[in-house]
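The sequence and structure come first.

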Amino acid sequence: MTTPSSAPATINMPRSLFLLSIFYGGMVCIAGVLGNKQVAIGPLAVEAGIFAFLLLVAVSSAVAELHGRSVANRLVQFGFIPLVTSIVLLLVVLAVPPSESMEPERLAAFDLMMRATPRIWGAGILAYGISQTLNVTIFDWLKRGEGKLLWLRAAIASVLSQIVDTLIFISVAFYGVFPIGELVVGQMLAKVVLSIVLVPPLIYAFVGLGRWLDRVR
């Protein structure tokens, strides 16, 4: 008489989804750190976190292309876990007394870079969730046949989501603190240009990588 196998069931998760999800989680955490630096791109000035955020846009769109909108939306939702966890860990580290052997200049630099108000953290979380979900929704809605006009869908979804991201973050974080009109226009222009130039080729790269990974055995 045979008995049912006691071996644990395995989860059949596509390699592309597994690796892109890991990459996505890392970009969620590093985006806020990179955002502490303003970079000049020709006449445009933008926080460096935009590069990690555009990678998030490209990865979520690639996952939507490869595995569908619902999977991509879950990826965005799971992204809240490393995002919130990294903020909590940062608060813990800031609250723990520094070592007496730590150089004052290094400590001052760390505090200057890593301290932010709850309003700014809340703005970042809100902007992330809404803009990334909007990006996946628009990208999927524009789909007309597998792979058709991928570059156009990528550009439109990225541009619109970046406009919303800028409006939400700057308004929630800084409205009433100082005039935000010029900041909104400058950041929006920079993000739109970068979205058009960078996101379509990035999505092609991630989709191509994902399809290759899923073919490899």
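A residue counts as buried when its relative accessible area is under 20%, as exposed when over 50%, and as partly exposed in between. The model is predicted. By that cut-off, 38% of the 217 residues of the protein are buried.

**Overall build**
- Eight helices and two strands make up the secondary structure of the protein.
- Along the sequence the pattern reads α-β-β-α-α-α-α-α-α-α.
- Taken along the principal axes, the C-alpha atoms fill a box of roughly 70 × 45 × 25 Å.
- Of the contacts between residues at least 6 apart in sequence, 75% join residues at least 24 apart.
- Carbon and sulfur atoms account for 71% of an accessible surface of about 12400 Å².

**Nonpolar cores**
- The largest nonpolar core has 45 residues, and Y24, V63, Y128 and I203 touch the most other members.
- Two or more residues of this core come from each of α1 (15-34), β2 (44-47), α2 (49-67), α3 (69-78), α4 (80-95), α6 (118-141), α7 (150-174) and α8 (181-215).
- The most is given by α2, with twelve residues.
- Another core, of nine residues, lies apart from the largest one and includes A123, V159, A173 and M188.
- In soluble globular proteins, nonpolar side chains tend to be buried together.
- With neighbours within four places in sequence left aside, I203 is in contact with A58, S61, F139, L150 and A154.

**N73 in α3**
- N73 is placed in helix α3.
- N73 counts as buried because its relative accessibility is 16%, and the cut-off for buried is under 20%.
- Residues up to four places away in sequence not counted, N73 touches T133 and V136.

**α7 and the nonpolar surface patch**
- L149, W151, L152, I156, L160 and Y204 form a nonpolar surface patch of about 530 Å².
- Four residues of the patch come from α7, which gives the most.
- L152 is one of the patch residues and has its place in helix α7.
- At 31% relative accessibility, L152 counts as partly exposed, since that class runs between the 20% and 50% limits.
- The 25 residues of α7 should span 36 Å at 1.5 Å a residue, and the end C-alpha atoms are 35 Å apart, so the two values agree.
- After α7 comes G176, with a positive phi near 90°.

Key: Residues are numbered from 1 along each chain as its sequence is written. This is a predicted model: local features need pLDDT of at least 70, side-chain atom pairs count only at pLDDT 80 or more; totals for chains, interfaces and linings use all residues. Side-chain values use heavy atoms; hydrogens and water are left out. A nonpolar core is a set of buried Ala, Val, Leu, Ile, Met, Phe, Trp, Tyr and Cys residues joined through side-chain atoms within 4.5 Å. Buried means under 20% relative accessible area, exposed over 50%, partly exposed in between (1.4 Å probe, protein chains only). Contact means heavy atoms within 4.5 Å. Patches are made of residues with over 30% relative accessible area and no salt bridge: like charges are joined within 9 Å, nonpolar side chains (Val, Leu, Ile, Met, Phe, Trp, Tyr) within 5 Å. Accessible areas come from the Shrake-Rupley method with a 1.4 Å probe; for residues, only the protein chains shown count as cover. A salt bridge is a side-chain nitrogen of Lys or Arg within 4 Å of a carboxyl oxygen of Asp or Glu. The expected span of a helix is 1.5 Å times one less than its number of residues.
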